[in-house]
Amino acid sequence: MAKPGPEKKRDRKANGQLPLPTPRAPASASASRVLPMDLKVGDRVVDESGEWEIVSRPYTSNAGKDAHVRVKKVGRPEVTEIRGWRAHERVAVRRG
């Protein structure tokens with residue numbers, strides 16, 4: 001039979017209680033995180049390549065496991081792309 005390993009000690013306060021977890025800071029005051037299927041026309045998504053505006057409703061593929069949406073670059077309407085996310089991922093958007 002295997003011998004149990006040493007237990008890890010947690011830092012405790014003076015009264016013996018464990019510290020509370022720290023709250024996560026919000027992405028920004030105007031941004032919210034939604035599932036890709038909850039994106040709406042006019043929402044804005046920001047990533048490493050710039051700011052994009054949603055121009056069509058989302059649709060799914062791969063038995064509903066992937067979500068896609070057509071977007072256009074803000075300030076350059078001739079640049080359009082189809083962006084895709086896993087359906088369970090949350091996307092940071094600004095409602096516009």
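Is arginine 95 buried, exposed or partly exposed, and what is its relative accessible area? Arginine 95 is partly exposed at 41%, where buried means under 20% relative accessible area, exposed over 50%, and partly exposed in between (1.4 Å probe, protein chains only). This is a predicted model, where local features need pLDDT of at least 70, side-chain atom pairs count only at pLDDT 80 or more, and totals for chains, interfaces and linings use all residues. Residues are numbered from 1 along each chain as its sequence is written, and side-chain values use heavy atoms, with hydrogens and water left out.

Leaving out residues up to four places away in sequence, arginine 95 touches Val34, Asp38, Lys40 and Asp43 (contact means heavy atoms within 4.5 Å). Its C-alpha sits 6.5 Å from that of arginine 44, 51 residues off along the chain.

**Lysine 73**

Over in lysine 73's case, the residue is buried but has no salt bridge, meaning a side-chain nitrogen of Lys or Arg within 4 Å of a carboxyl oxygen of Asp or Glu. The nearest side chain of opposite charge is aspartate 47, 6.3 Å away (Lys and Arg count as positive, Asp and Glu as negative; His and the chain ends are not counted).

What lysine 73 does have is the backbone oxygen of serine 49, 2.4 Å from a polar atom of its side chain. Beyond neighbours within four places in sequence, lysine 73 is in contact with Ser49, Gly50, Glu51, Trp52 and Val79.

Notes. Polar contact = N/O pair within 3.5 Å; in protein donor to acceptor, adjacent residues only side chain to side chain.
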